[in-house]
Amino acid sequence: MAFREINAKMVEATVAPGQKLFSQRGAMLAYQGEVSFTPSMAGGQGGLMSMIGRRVADEDTSLMAVEGSGTVLFGHGGHHVQVIQLSGDTLYVEADRLLAFEGTLQQGTMFLGSQGGVMGMVRGQVSGQGLFTTTLKGHGAVAVMAHGGMIEIPITPQRPVHVDPQAYVAHHGDVRNKLSTALGWRDMVGRGSGEAFQLELSGSGAVYVQASEEKL
């Protein structure tokens, strides 16, 4: 794994010759060795079409390509950071939450309406994601940011997980999600998102939940 958690808000990345990392612009705190930082709009293995998709989706968060030989400390805005290791599956996460990730991962963009139609689009608005989200697929590590700490909750076929949409950070695995309301539309006036809406995730995988409803 390229990342090592130093504390709750910082990770150390090992940069080796012939390998590449991508980080959010402004995330570098310090580094040692011969390391270069180059602006990049086409992070990971996604290439040109992935970059175009992210620009159309307004998910084109500025990235820095990190190369060379040495170590780099990453953190941003005092947010809590958690490292997620992917083993061939896909991580669904908002672009603004990406602190850094390995260049072996393929980056793309997904329209939330393709995961739940109109209610998928409503989920994007309620959770603050908008209509699109970022995907990272393959084998590698990702450092993700959240407010107030983050916990991983396993999802199994026998035990779906219900999450406040504004506390949702990311998920991976063979997971289906749908937005449901526990109240009538009249009753939702003045209610918080967790009281009015619930995001149900079912299947096999994991969901990451933050300890705050504040958006990054």
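Which residue does the side chain of His172 join through a polar contact of 3.4 Å? I looked this up in a predicted model, and the partner is the side chain of Tyr208.

**Entry 1: His172**

I started with the position of His172, which is in strand E12, a run covering residues 168–181. I then checked its accessibility. His172 has a relative accessible area of 12% and is therefore buried, the cut-off being under 20%.

Next I went through the polar contacts of the His172 side chain. Besides the one with Tyr208 at 3.4 Å, I found a polar contact with the side chain of Asp89 at 2.7 Å.

I also listed the contacts of His172, leaving aside neighbours within four places in sequence. Asp89 and Tyr208 are both in that list. With them I noted Ile84, Leu86, Thr90, Leu91, Glu152, Ser204, Gly205 and Ala206.

Leu136 is 36 residues from His172 in sequence, and their C-alpha atoms are 9.4 Å apart.

**Entry 2: salt bridges**

How many salt bridges does the count come to? I get two.

I noted one between the side chains of Glu12 and Arg4, at 3.0 Å from N to O.

For accessibility, I have Glu94 as buried at 7% and Arg97 as buried at 4%.

**Entry 3: Glu102**

I looked up Glu102 next and placed this residue in strand E7, residues 98–102. Glu102 is buried and has no salt bridge.

Why does Glu102 have no salt bridge? Side chains of opposite charge can pair when their charged atoms come close. For Glu102 the nearest side chain of opposite charge is Lys20, and Lys20 is 13 Å away. A salt bridge needs the atoms within 4 Å, so Glu102 has none.

I then checked what Glu102 is in contact with, leaving aside neighbours within four places in sequence. Lys20 is in that list, along with Ala2, Phe3, Leu21, Gly140 and Ala141. I wrote down both entries for Lys20: in contact with Glu102, but with no salt bridge to Glu102.

Notes. Residues numbered from 1 in each chain as written. Predicted model: local features only at pLDDT ≥ 70, side-chain atom pairs only at ≥ 80, totals over all residues. Heavy atoms only, no water. Helix = DSSP H or I, 4+ residues; strand = E, 2+ residues; numbered from the N terminus. Buried < 20%, exposed > 50% of the residue type's maximum accessible area, 1.4 Å probe, protein only. Contact = heavy atoms within 4.5 Å. Polar contact = N/O pair within 3.5 Å; in protein donor to acceptor, adjacent residues only side chain to side chain. Lys, Arg positive; Asp, Glu negative; His and termini not counted.
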